[in-house]
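Colleague: I've got the viewer open and I'm a bit lost. Please take me through it step by step.

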Amino acid sequence: MSANPKKTPLYDVHSGLGANLVDFAGYLMPLRYASETSEHAAVRTGAGLFDLSHMGEIFLSGPQAGAALDHALVGNLSPMAVGKARYTMICAPDGGVLDDLIVYRLADETWMVVANAANVAVVRDALVERAAGFETRVDDRSDAYALIALQGPRAQEILAGFTDAPLPELRYYAIFAAKVAGIDALLARTGYTGEDGFELFVDAGDAVALWQALAEVEGVVPCGLSSRDTLRLEAGMPLYGNELTTETSPYEAGLGRVVKLDKPGDFVGKAALAAQAQTPPGRTLVGLVARGRRAPRKGYQVVTSDGTPCGVVTSGAPSPTLGKPIAMAYVDSGVTETELAVDVRGRQEPVDVVDLPFYKRS
Amino acid sequence: MSVPEQLRYSEEHEWVSGLESEGGIVTVGITQHAADALGEIVYLELSSGEGDTVEAGEACGEVESTKSVSDLYSPVSGEITAINSAVIDEPKVINDDPYGEGWIFKVRVSDEPGDLLDAAAYTKLIEES
């Protein structure tokens with residue numbers, strides 16, 4: 001909690017809609033507007049509108065911006081084509097995850113790094129420090145940008161009503177500049193819901209106009225952080241602070257594929273991550289589906305059938321789509337049982353270990 | 001935020017109705033403020049059944065919402081005479097109608113109810129929280 005949470009450019013809109021506002025990573029953000037379950041369902045079946053302006057946008061520009069990112073992050077970014085995006089991470093020298101990121105290449109020498117709200121300062125400072133030897137500028141433009149996401153199977157059809165841009169040509173994890181509702185936007189086909197959808201980066205001053213244009217469309221439901229969390233959980237996507245922390249390695253999280261040990265040159269964390277890659281991780285991120293109605297929650301202990309502690313829940317909630325509680329948990333890699341239990345406030349509730357994700361769009 | 005005038009309230013956000021009724025059977029639920037703060041309620045469990053006694057201020061069940069789990073406290077002491085099976089089956093009713101269809105249990109009060117708040121005092125409590 002921060003003493004004086006910041007407001008996004010859409011704060012008054014949220015207030016006007018009667019949103020339940022909470023301090024999240026130093027911002028007053030809508031937790032839900034009405035029913036989080038209806039918001040969740042809207043994204044799975046129609047379209048939901050999210051204010052993500054708390055996220056950070058950090059720009060790198062200059063002839064060596066790509067090389068600086070290759071050095072600062074675990075991914076191999078510089079070969080990426082203009083207009084593409086990649087999911088990657090920034091790690092500490094010991095291999096711990098400082099943040100997970102989406103990096104967009106906007107132009108030959110211009111890159112945008114999107115960081116989680118709680119980590120913007122950490123990421124910016126690390127990028128400034130790590131880019132020092134490179135011909136590049138690091139610019140934190142988080143306050144100048146608003147980020148609005150339109151997610152759901154109807155997202156493209158709805159957005160097409162506001163832009164002449166060729167949306168079908170914009171592939172998943174790609175970005176281009178476009179006018180949307182007359183507003184200059186960076187339009188990306190990315191998201192955190194497990195559905196098709198778009199993220200629109202616009203000037204903070206244009207946020208209200210863009211939001212209101214999209215919100216007026218029949219069937220577009222404003223969605224808060226609560227539904228965002230259950231949507232990403234069903235999609236098996238990690239949340240920084242839960243599945244990913246400075247104490248976790250990308251390998252434990254099942255995200256070793258984003259660590260490009262083979263890329264040319266050294267990068268921060270390489271030695272530690274290379275060593276981790278040599279040995280199987282001691283614990284593994286797994287999916288759990290509860291048999292009963294009680295939801296495993298973050299921090300609850302996972303135990304084997306004979307009651308031996310074997311792990312800890314990182315995220316858990318009743319899944320609106322599956323109709324039963326689901327969770328992600330770190331479980332000791334030696335555990336082979338597929339029927340475990342979670343200690344729910346002193347009672348052992350049976351759970352089944354399942355493959356992630358819980359939900360995949362058809 | 002609705003805080004009906006005729007009800008009495010606990011600091012743990014339960015409401016009580018019927019304190020003046022003959023026979024001393026009161027109805028208990030959770031307030032709209034509590035229901036809104038919890039989010040959509042997906043599971044409700046009472047640790048006591050009909051005929052069991054509950055003590056004022058002691059936990060007597062759990063309320064689980066999409067976001068969290070909270071204890072349910074009895075605002076009065078006495079014997080449980082009825083449990084609303086409709087909210088056990090479909091706890092969301094509590095969100096939709098916390099003071100009506102969303103009642104949770106009834107108690108035959110055995111002791112003078114203690115420090116319950118009137119509507120004005122409860123309104124003050126939630127405004128200050």
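Modeller: Let's start with two working terms. Two residues are in contact if their C-beta atoms, placed from the backbone, lie within 7 Å. Helices (H or I, at least four residues) and strands (E, at least two) are DSSP runs, numbered from the N terminus.

Modeller: What you see is a predicted model, so local features need pLDDT of at least 70 and side-chain atom pairs count only at pLDDT 80 or more, while totals for chains, interfaces and linings use all residues. Residues are numbered from 1 along each chain as its sequence is written, and chains are lettered from A and ligands numbered from 1 in the order in which they are written.

Colleague: Which elements of chain A do the buried residues of helix 3 pack against?

Modeller: Seven of the eight residues in helix 3 (residues 65-72) of chain A are buried, so this helix is mostly covered. Buried means that 20 or more other C-beta atoms lie within 10 Å of a residue's own; 12 or fewer is exposed, in between is partly exposed, and C-beta atoms are placed from the backbone. The buried ones are A:A65, A:G66, A:A68, A:L69, A:D70, A:H71 and A:A72. In chain A, they pack against strand 5 (56-61), strand 6 (85-91), strand 7 (97-107), strand 8 (110-115) and helix 4 (120-130).

Colleague: How are helix 2 and helix 7 of chain A set relative to each other: roughly parallel or oblique?

Modeller: On one side, A:E36, A:E39, A:H40 and A:V43 of helix 2 meet A:S226, A:S227, A:T230 and A:L231 of helix 7. Helix 2 (residues 36-45) and helix 7 (residues 225-234) pack at about 55°, with axes 8 Å apart; axes are lines fitted to C-alpha atoms over the stretch in contact, and angles run from 0 to 180 degrees between N-to-C directions. Under 35 degrees is roughly parallel, over 145 roughly antiparallel, 65 to 115 roughly perpendicular and the rest oblique. The two helices of chain A are therefore oblique.

Colleague: Is A:E199 buried or exposed?

Modeller: UniProt lists A:E199 under "binding site" in an unreviewed entry; its positions use the numbering here, feature names are shortened, and annotations may be inferred rather than shown by experiment. This residue sits in strand 13 (residues 197-203) of chain A. Beyond four places in sequence, A:E199 is in contact with A:L147, A:A149, A:A188, A:T190 and A:G191. Because A:E199 has 25 C-beta neighbours inside 10 Å, it counts as buried.

Colleague: Which residues is B:K67 in contact with, leaving aside neighbours within four places in sequence?

Modeller: In an unreviewed entry, UniProt lists B:K67 for "modified residue: N6-lipoyllysine". You'll find B:K67 in the loop between strand 6 (59-65) and strand 7 (69-73) of chain B. It has 21 C-beta neighbours inside 10 Å, so B:K67 counts as buried. Apart from those sequence neighbours, B:K67 is in contact with A:S226 and B:G39.

Colleague: How far apart in space are B:G100 and B:G29, C-alpha to C-alpha?

Modeller: B:G100 lies in the loop between helix 3 (92-96) and strand 9 (105-109) of chain B. With 10 C-beta neighbours inside 10 Å, B:G100 counts as exposed. Along the sequence, B:G100 and B:G29 are 71 residues apart, but in space their C-alpha separation is 8.8 Å.

Colleague: What pattern does chain B follow along its sequence?

Modeller: Chain B has four helices and nine strands. Buried residues make up 42% of its 129 residues. Reading along the sequence of chain B, you get β-β-β-α-β-β-β-β-β-α-α-β-α.
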